[in-house]
Amino acid sequence: MTTTDAPGIPGTVEHALARAADALRHRQDADGFWKGDFETSLIGEAGEVLLRHYLRLPDDGTTADDARTILAEQSPTGGWAAYHQGPDELLLSVFCYVALRLAGHHPDEAPMRAAAASIRAGGGIEAVDNLLMLAWLAVIGLWPWSDIPLVPPEIVLLPSSFPGNIYHFGAAARGIVVANSLFMATRPVVPAGFDLRELFRRPDARPRRPLPVRCATALSHWYARRPVRALRRRAIDRASRWLVDTQETDGSWGGNWPQTANVLMGLDAAGLGRDHPSVVAALSALDRYVVRRDGQRRIEMWTSVVMDTALALSASAAAGGPGDGAAAEPAVRWLLDNQVTELGDWAVLTKDPVPGGWPYEFTNNANPDADDTAFAVVALRRVRPRGEDPAVDGACRRAHRWLLSQQCEDGGWAAFEPLRWRLPGRDRLAEIGFLEAPSADVTGHVLEALAADGHADGHAARRGVEWLRRQQRPDGSWPGWWACYHLHGTSAAVTGMAACGVPADDPALRRACEWLLAHQRPDGGWGESVRALHDPEWIGRGDSTPSQTAWALLALIAAGRADSAPVRAGLDHLVRTQQADGDWAEPWHTWVVHHDGLYWRDSLLRLIYPVLAMAAHRAALEGGAA
């Protein structure tokens, strides 16, 4: 029996839901949290080799391990792909090639010749346009500092209200900006011992930069040659102290590998020795991002533990059945223990700041984010309704105040802080993760949280709904930001608006559902390739995936279409593709860190979202709320 030939809820869906919920609960940690494998491209492994060379760390076999991992993932066309079934990605391939050279591989080796050919075919190294990543090559002598616009450390001396000061950058990039300003002040070089002439498409090629970039580069180098020395010394001291003061309790910065690595490079350039307590703690923190997977050394650049825990708790509670209560209690306590109850960077430009958000990682007290705070509130309210648990009530009150303080001027929400950038270059800085504008997915998630906590009719929720109305595309979809792409944005927007009382026959929801139905695949599922981020022809197109199928189902169910043939076909797809262990296979990268080449997948989300979708379908047909 399948979902397409039986009325009501077929036993196969109930059986699939029970198996999936059981599989999910078995993956809960003894401490109460859930954490999936965070898998990105090899930019972390390649970056680790470059970082160790720059820091002059002793050879302990790590570089050789990273090189073996990199070689094992080389594509048939010679380069390295940034996502599953993707083409060779130029920047990633350059970094992997450099890492292999640093590990001792010779350009004449067959894999190296293939890699160089792929890089040249992609435009050559001169076509790499991520200037901040090129700075990593500059510190080991493989790229001219003269080609890179410099961030002066004096930026930390600007008043917080001054355009372009560090608090106008995105929270996720702030530490990187300050750290880069330190090594850009002295422009150190730890020579790699080779050059990269074989990676140029033409021997005489020079990078072509837009005029504003060329002007910024020339001006920044002019000042770098003529700094006001007393001011420069003061800026370097202030920047170093700011970084030391913002270090997390686990030794990292931002709870992630990239920011911690950049800060280590900056502190090294500023003269903090290997025995400095902050450096010792940071090096130890980097080791905690190392995992062994399929016999390979891999770097988990972020740890998605709060997101995974909150969504898994929601899914487990929605599924119900045996084990629900036993899973919920430790998860609730873990979330309560990990709420941020201190002021951080986000508070500097926030009027009357009140802490209360959740971070994405195990620790990022400086910068909690609206997305994970929303997930946490929804999860807590799903298992602890208002008035049932004073501790949960208090946590949700704090979270509510914090979410309101982070609403953008136009009514939407960004993940970290309201957009405050007022200078040119916003779009490009956003692509590489240095800024973040409000997005449909984050705004939709926050609306769902406000509704779960009893604030669906509040002023903030109404403004959020109107922001989504203004942002809807003519075709009925919304682009997301943190996942791929219009499927995620549309799903979050519809579920958020519906949670806040927007009726199913509202034109915005109706057009969104029409877009979703137009992009359902013949197999009943939904999928959208990472290619959609750069090629509009791919929007809404791609192989069906369990998580993206579930996103579409959640939206259609929230919009009142639970008892429809397309929804039954989508559920049937999930049932047919479920594995014997209750999980699903999802090799595709469906989540986004930076839109210019850093994508990820999570081994738990492919399980969580189908559980949420199947439970929501059951609840809708039974007349309840999942």
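**Questions on loops, strands and salt bridges**

Modeller: Glutamine 85 lies in the loop between helix H3 (62-72) and helix H4 (90-102), where helices are DSSP runs of H or I with at least four residues and strands are runs of E with at least two, numbered from the N terminus. This is a predicted model, in which local features need pLDDT of at least 70 and side-chain atom pairs count only at pLDDT 80 or more, whereas totals for chains, interfaces and linings use all residues. Residues are numbered from 1 along each chain as its sequence is written, and side-chain values use heavy atoms, with hydrogens and water left out.

Biologist: How do you know what the pLDDT of the protein chain is, taken as a mean?

Modeller: On the pLDDT scale, which gives the predictor's confidence in each residue from 0 to 100, the mean of the protein chain is 94, and 98% of its residues reach 70 or more. Residues 1-10 stay under 50, and for them the model has 21 contacts beyond four places in sequence, a contact being heavy atoms within 4.5 Å.

Biologist: What makes glutamine 85 buried or exposed?

Modeller: Buried means under 20% relative accessible area, exposed over 50%, and partly exposed in between, with a 1.4 Å probe and protein chains only. Glutamine 85 has a relative accessible area of 52%, and therefore counts as exposed. Glutamine 85 also has a positive phi of about 65 degrees although it is not a glycine.

Biologist: How do you know which way S2 and S3 run, and how many bridges join them?

Modeller: Two strands pair if DSSP finds at least two bridges between them; strand S2 (residues 290-293) and S3 are joined by 4 bridges and run antiparallel. The bridge partner of arginine 293 in S3 is glutamine 296. Along strand S3 (residues 296-299), Gln296 and Arg298 point one way and Arg297 and Ile299 the other, and all are buried.

Biologist: What makes S1 and S4 stand where they do in the sheet?

Modeller: The open sheet has 3 strands in the order S1-S5-S4, with antiparallel pairing. Strand S1 (38-39) and strand S4 (591-594) each have a single partner strand and stand at the edges, so one side of each is left without a neighbour in the sheet. S4 is joined to strand S5 (residues 598-602) by 3 bridges, and valine 592 has tyrosine 599 as its bridge partner in S5.

Biologist: How do you know that the side chains of arginine 293 and aspartate 37 meet in a salt bridge?

Modeller: A salt bridge is a side-chain nitrogen of Lys or Arg within 4 Å of a carboxyl oxygen of Asp or Glu, and this pair, at 4.0 Å from N to O, is one of them. Arginine 293 lies in strand S2 and aspartate 37 in the loop between helix H1 (11-26) and S1, so the pair ties together parts that are 256 residues apart in sequence. Arginine 293, at 14% relative accessibility, counts as buried, whereas aspartate 37, at 30%, counts as partly exposed. Both belong to a network of salt bridges that links Lys35, Asp37, Arg293 and Glu300, and the structure holds 32 salt bridges.

Biologist: Why is glutamate 45, which meets arginine 298 in a salt bridge, called buried or exposed?

Modeller: The salt bridge of glutamate 45 and arginine 298 is 2.8 Å from N to O, and the pair links distant parts of the chain, with glutamate 45 in helix H2 (residues 43-55) and arginine 298 in strand S3, 253 residues apart. Glutamate 45 has a relative accessible area of 1% and is therefore buried, and arginine 298, at 13%, counts as buried.

Biologist: Where do arginine 469 and glutamate 466 lie?

Modeller: Arginine 469 and glutamate 466 both lie in helix H18, 3 residues apart, about one turn of the helix, and their side chains meet in a salt bridge at 3.4 Å, N to O. With a relative accessible area of 31%, arginine 469 is partly exposed, and glutamate 466, at 40% relative accessibility, counts as partly exposed.
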